[in-house]
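Look at the structure first, then read on.

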Amino acid sequence: MIKGILSWGKPRIFVKALIDGGVLRELPTPVDDSTNLETTEGDKTEAKIEGGEIEAVRYDKSTYKLSLQIRMKAGSKMPFANKDGLVNDNYEVTVAPENAEAYGFRMKEAHVSVKTSYTTNDGILVDVAFDALSNQAGDPQCEFGMVELTESDGKVTAIKFTSIEVESDIVSA
C-alpha cells in the first residue's frame with residue numbers, strides 16, 4: 001500500500017512586498033487551526049434554450065483568500081504596517097507545508113488586510129487575510145506545487161517554487 005504525503009500540519013508562511021524589491025520574511029507561527037485557504041467558485045452563466053434546457057455553461061475564474069491569525073506576544077511587532085486595517089503594499093505569499101515533500105502553494109500577488117481583536121482567552125490576535133490578485137504575467141492567482149527553501153544561518157534566504165505538473169491528457173483552460 002502506497003501512503004500519500006499530505007500537506008497538513010504546521011505551515012511556514014513567507015511574504016515579500018512587491019514594491020522596491022521587498023525583503024523575504026517569515027511570519028510568526030499562526031494560531032492553531034487558523035490557517036485556511038478558501039476558494040470561491042467563479043460566477044456561473046448558463047445559456048438556456050426554450051423549455052429551460054441548458055445548452056452551454058460558462059464559469060468566471062475562481063477567487064482565493066488565505067486567512068490566518070497571529071497572536072501578539074510581549075515584544076512582538078505587528079506583521080504588516082497598516083492604518084486601521086489597511087495595508088498599502090501588495091505581497092507575494094508562499095505557504096510551505098510541515099513536510100518538505102508535500103505540496104504547498106503561493107499567490108504571486110495578493111492584497112493584504114488585517115484586523116486586530118482581543119479576548120481574555122487569546123489575548124491580542126491579528127487576523128490576516130491575503131486576497132489573490134491577477135498578475136501581469138498571466139500566471140494563476142493561486143498555484144500549488146513543491147516549495148524548496150534555501151536557508152542560511154537559520155533564516156530562509158530564497159524560495160524555489162515548482163508548480164504541480166498537469167496530466168498530459170487534460171486540456172488546460
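What kind of contact do the side chains of D127 and K115 meet in? They meet in a salt bridge, 3.9 Å from N to O. This is a predicted model, where local features need pLDDT of at least 70, side-chain atom pairs count only at pLDDT 80 or more, and totals for chains, interfaces and linings use all residues. Numbering runs from 1 along each chain as its sequence is written, and side-chain values use heavy atoms, without hydrogens and water.

**Salt bridges**
- The whole structure holds nine salt bridges (a side-chain nitrogen of Lys or Arg within 4 Å of a carboxyl oxygen of Asp or Glu).
- R71 pairs with D122, with the closest N and O atoms 3.3 Å apart.
- R71 is in strand β6 and D122 in the loop between β8 and β9, so the pair ties together parts 51 residues apart in sequence (strands are DSSP runs of E, at least two residues, numbered from the N terminus).
- R106 forms a salt bridge with E92, at 4.0 Å between the closest N and O atoms.
- R106 counts as buried at 15% relative accessibility, while E92 is partly exposed at 24% (buried is under 20% relative accessible area, exposed over 50%, partly exposed in between; 1.4 Å probe, protein chains only).

**Second largest pocket**
- About 330 Å³ of space lies in this pocket (on a 1 Å grid over the protein atoms alone, an open set of points where a 1.4 Å probe fits, with protein on both sides within 12 Å along at least five of seven lines; lining residues have an atom within 4 Å of a point).
- Its lining has 22 residues, with S7, G9, P11, T35 and V95 nearest the centre.
- Strand β8 gives the most to this lining, with three residues.

Terms used
Points joined across faces, edges and corners; volume = space filled by probe spheres on them. Helix = DSSP H or I, 4+ residues; strand = E, 2+ residues; numbered from the N terminus.
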